Amino acid sequence: MKRPFSEYPPAGPSSPNTLPDEEDEDEVMLKIERGSDELLSQTGAVSNGSVMSPAPNHADNNNDAKKVKLDTKNPGAPSRVIHIRNIPNEVTEAEIVHLGIPFGKVTNVLVLKGKNQAFLEMSDEVAATTMVNYFTNCTAQLRGRAVYVQFSNHKELKTDQNHSNANPSAQAALQAAQALVNQTDTQGGPNTVLRVIVEHMIYPVTLDVLYQIFSRVGKVLKIVTFTKNNTFQALIQYPDVVTAQAAKMTLDGQNIYNACCTLRIEYSKLSNLNVKYNNDKSRDYTNPNLPTGDPALDSALAIGVSSLSAPNLNLPNRTGENASATGMPFTGMPLAGVTPTAAALGAAGIRLPGQPSPNCVLLVSNLNEEMVTPDALFTLFGVYGDVLRVKILFNKKDNALVQMSEPHQTQLAISHLDKMKTWGKQIRVTLSKHQTVQLPKEGQPDAGLTKDYTNSPLHRFKKPGSKNYQNIYPPSATLHLSNIPPTVDEEQIKDAFTHAGASVKAFKFFPKDRKMALIQLGSVEEAIAALIKMHNFQLSDSSHLRVSFSKSTI
């Protein structure tokens, strides 16, 4: 499984006074041509088709000189080779290439990481001139760091593409760039409007969630969401092609939540979005005064009823503007060779600043008063997320509040536990109006009805990228058991479940891993009660049983 991505590391301090100038470029390239062991060992210079390494003798030095050749011309004149300075140390070939894609075909790339420089070769001087002119008026950025784009003193970047040390990341970046150029027959070409398809949408994805993600790359102007062929889609408009290209290369193929809600991004054939309403389906961020399309709400807003507006978090994005978002976390997987700029939240374990979101607290009603306890609810709801606090209402003990750690976990709990028969009653699970579960004041009697589980060692999802995210299933009569010690046999486990009040119908150890097993009980209701009683059951001095719902049957 791929690791959840993280934000770019902060760029180091930089000053125009420390930037390399054109004399440095000539010095760097001259040393490359001479096969300087010292330079090549320090920079790790890479180009399409070759990785240059220190040479053991003069003959090999001559070979190194052949790997990268630059034909010089008059300094300052237009060239199809572009010199990029002040790049971050961690930058990839793909990120350098994507700077040039909106302006034309990219034919070669060379990254000198140790020197914080790169060279980009375009197919012709027209494309190169367009790129240099654009970034003269609009500062280019890589990983939040300003980089400087100018013509190189050289007119061509030649590489030996058959060299045995061919750099796969440079080749992949150039191949991806070529694919983007060739795709205009089936979709729009490089454009300011992106078409986004969300695949495997297990959890809800909203317009605000998309805004939070895509605004980390640059300023988002407009968003329109819709459903087509039972698939959630969106059109997202940026102010320029460069930002849209950066978003496509950065976010395409990533997951909003762990192992699901995958973003598929292509260029739209539309060049501009016509947004008529600002609501949960569409938004024009350049025109906040558009109506919502709901006459009653528009009328209320017109007379200044501000309480109808949902509370939002303000998150600074890369452009320094405030991004309005719901606070829903997201995580994703990076493209090969491309580090994304969006934050790795949610299952990655990073929480947004500010107050808990209103949809982190659940109201659970129609409980069996004789059976319910805070620990029981912690165990049951802990199957679908990390429970932070539980409160059974003092004056209405068939009702309880359950606070989850993340908003999407509340949605999981609702979808799997609402109307589920538990302890002989069909419980109801809905969102609460409360933002948090309050702990009793010191000295206030509570009768053990409120418990704080914030630091509980039994949380299933606190570990970043936990595999438990991939094994979340609705309640079923078959339970998955794990952490079984080798000293415990089938009869001992079956007896333990029988003593807990369950009727065991079948049992099976995993053939290749005897630490795990499946146990099938008489009904789903029995399985729910058994999970509550048997999860964390002590099987030996050092082993506690782990229980979850299974998608399998025996």
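A cavity, on a 1 Å grid over the protein atoms alone, is a set of points where a 1.4 Å probe fits but cannot get out, and its lining residues have an atom within 4 Å of a point. The idea behind it is simple: rolling a probe the size of a water molecule over the atoms shows where empty space is left. The model searched here is a predicted one, with local features needing pLDDT of at least 70 and side-chain atom pairs counting only at pLDDT 80 or more, while totals for chains, interfaces and linings use all residues. Residues are numbered from 1 along each chain as its sequence is written, and side-chain values use heavy atoms, leaving out hydrogens and water.

Searching the whole structure turns up two cavities of 30 Å³ or more. For such volumes, grid points are joined across faces, edges and corners, and the space filled by probe spheres set on the points is taken. The largest cavity comes to about 50 Å³, and its lining is made by Phe-378, Thr-379, Gly-382, Leu-458, Arg-460 and His-535.

Open spaces get their own label: a pocket is an open set of points with protein on both sides within 12 Å along at least five of seven lines. The second largest pocket holds about 640 Å³ of space. It is lined by 27 residues, and those closest to its centre are Arg-460, Lys-467, Asn-468, Asn-471 and Ser-548.

Now for the protein as a whole. It has 13 helices and 28 strands, which are DSSP runs numbered from the N terminus (helices are H or I with at least four residues, strands are E with at least two). Of its 554 residues, 50% are buried; buried means under 20% relative accessible area, exposed over 50%, and partly exposed in between, with a 1.4 Å probe and protein chains only. The accessible surface, from the Shrake-Rupley method with a 1.4 Å probe, is about 26,100 Å², and carbon and sulfur atoms own 49% of it. Among contacts (heavy atoms within 4.5 Å) with a separation of 6 or more, 72% link residues 24 or more positions apart.

Zooming in on the pairs, strand 26 and strand 27 (residues 513-521) are antiparallel over six bridges, and a hairpin joins them through two residues. In this pair, Ala-506 stands opposite Gln-520. Strand 25 runs antiparallel to strand 27 too, with four bridges joining them, and His-480 sits opposite Leu-518.

In helix 13 (residues 524-534), the buried residues are Ala-527, Ile-528, Ala-530, Leu-531, Ile-532 and Met-534. Their cover includes helix 10 (374-381), strand 21 (421-422), strand 25, helix 12, strand 27 and strand 28. Helix 4 (residues 93-100) is mostly covered, with eight of its eight residues buried; among them are Glu-93, Glu-95 and His-98.

Asn-116, although not a glycine, has a positive phi of about 55°, and it lies in the loop between strand 5 (106-112) and strand 6 (117-122). Cys-261, another residue other than glycine, has a positive phi near 55°, but it is found in strand 14 (residues 260-267). Cys-261 counts as buried because its relative accessibility is 0%. Asn-536, which follows helix 13, has a positive phi near 70°.

Terms used. Pairing = 2+ DSSP bridges.
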